[in-house]
Structures are given as C-alpha cells and as structure tokens.
Amino acid sequence: MATLPNPLPKLASDPSGRSLGLRLPPGRLLDATIDGPWHEPLLWHAQVPAGPGGWAALGAPAGRAGLLPVLVDLGSGRGGPESWEWAPGDASYPGDHDAEEVLAELWEADAPDGQEWPGLAEAPRLVADPDVRAAEVADTLTAGAPWLLRPHLALVPARRSADVPAALGWSGPVDHEEDVARLCAVLRSWEDRFGIRLVALGPDHLAVSVAAPPASPAEAGALTAEHYAFCPYAVLPDAAATLESYARGLVGERLWHFWWD
C-alpha cells in the first residue's frame, strides 16, 4: 500500500527519538512478519506500560514526525506483538475501496434474518475533538481491560489513524475479511462521520474512540448494521444477543470494541 516515508529506522540509531522531536521511553522496533523480516520496521512499542497522560504527551509530536499512536496488548494469551501474525505485503490500499460497498458485501454474505442492507448511517453531531477524545479513551484503557491486559504505547507510520491496521498488515480479522485494508476503508468512513480514532490493537481485536456517537436509539439502530457487517461476532456474540440490544448500548458510547474469532 502507498505510505509516507517511514521515520522508524531512525530509532535504530537514536532510540530516544530526539532526532524526530520525540522523547521516548525504552522501546523496541518490530519488523517480523509471516514472510520473514520486513524491509523496514513496522512499529515501535514502549517496553514500559502505558500510563495516564502518555498518549496526549506523545501523540501530537509523533504525528508531526509521521507516526501515529496506538495501544498494543503485551499480555494477551497469544503473546505480545512480536508473536502476532503480520502480513503487510498482503494488504492493499484503503483508499482503493468504497466503505459502503465493502459493508454491503459483508452484510449480504451473512445478513441477519435475511434482512436487506439498509445503507450507511447519517453522521451525528461531533461532541468532542476526535484527538482529545482519543487521548481520554486511551487514558481509561491504561488501567487495562478484560480484552487489553497490558497496554503499551506503540507508534506506527501511517497517513491516518484508520490506515494503521493496513500499514501493519494486521491479521486479526482474517477469518472474516482477508484484506484488512477493506476494513480500514470502513474505519476511514467512520473517521469522517463519527470522529473515530484507532486506540488499541490486540492479536484479534481492536478498539476505537468515538467523538460523534449516536445520540438516539434511531441513530444507533442505523449504525448497528454497519457494526454487524464490520464484525458480526461483537454485535451478536451469542444466541441471547439482538441487534436492538446492541443498538441501545451504542447511544452516547465513546468506545467501540470489535473482536474476531
């Protein structure tokens, strides 16, 4: 996929990040993929756990250097990022895909009760600055969560937050969608309509902050179809779950979490 020049190689000789205008804690560069070492580092992650304020302190200067922050889980049952399956060579470019076409195709492949694809939801009103909201949500996640046990800050060379999974060749949703860039096209659309930012990655799950959440059950209901197409496992995880109950939980929600089996 098309990318900006990667600043991460500079950290090999300057681990403090000062040459990039950063002040980094001890960290590690990762270049391992399923096909062997990549030609340049895919990401840097801190070796110390993420703490409150860390995202806000690092996010803006990292962005100016061409890097975007994300929390990565070093405590999952599948190990840290060094043990995950990265396939950057298999990812296309998110900008080559249309979000609604991707969602409609995924919906029609497994439509609940044979329902027709309802189309994209309208954009709600922005209630927070997306980057400020991302820092707030990241801070709440530094204490960990059942699905994010040991969050550490990472930096990824990418044009926009939605592109991070494709830039990494992240394989978390491979059983649902083989080309993660198609899901990144959906994340781009959510960036535009809902002010999302990617805040956390695990081996098979991701979380985004939301600066324009649905404000009513009607708005949430329209969005639920998109979430189901994007990740049916998160919307209907068991026989007791319904689209209506999931939609109720979206009203005002500032964090969306998705996982794939």
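## Close-up views of a predicted model

**View 1. Ala104 sits in helix α3.** Helices (H or I, at least four residues) and strands (E, at least two) are DSSP runs, numbered from the N terminus. This is a predicted model, in which local features need pLDDT of at least 70 and side-chain atom pairs count only at pLDDT 80 or more, while totals for chains, interfaces and linings use all residues. Residues are numbered from 1 along each chain as its sequence is written, and side-chain values use heavy atoms, with hydrogens and water left out. Ala104 is buried, at a relative accessible area of 14%; buried means under 20%, exposed over 50% and partly exposed in between (1.4 Å probe, protein chains only). From the C-alpha atom of Ala104 to that of Glu244, 140 residues away along the chain, the separation is 20 Å.

View 2. The whole structure holds ten aromatic pairs. Rings of Phe, Tyr and Trp (its six-membered ring) pair if their centres lie within 6.5 Å; planes under 30 degrees apart count as stacked, over 60 as edge-to-face and the rest as tilted.

**View 3. Phe194 and Trp256 make another edge-to-face pair.** Their ring centres are 5.5 Å apart, and the planes make an angle of 65°. Because Phe194 lies in helix α6 (residues 180-194) and Trp256 in strand β9 (residues 255-259), the pair ties together parts 62 residues apart in sequence. Phe194 and Trp256 are each buried. Both also belong to a cluster linked by ring pairs, together with Trp170, Trp190, Phe230, Phe258 and Trp260.

**View 4. Zooming out, the protein chain has nine helices and nine strands.** Its C-alpha atoms fill a box of roughly 55 × 35 × 35 Å along the principal axes. Of its 261 residues, 56% count as buried. Taking contact as heavy atoms within 4.5 Å, residues 24 or more positions apart account for 72% of the contacts with a separation of 6 or more.
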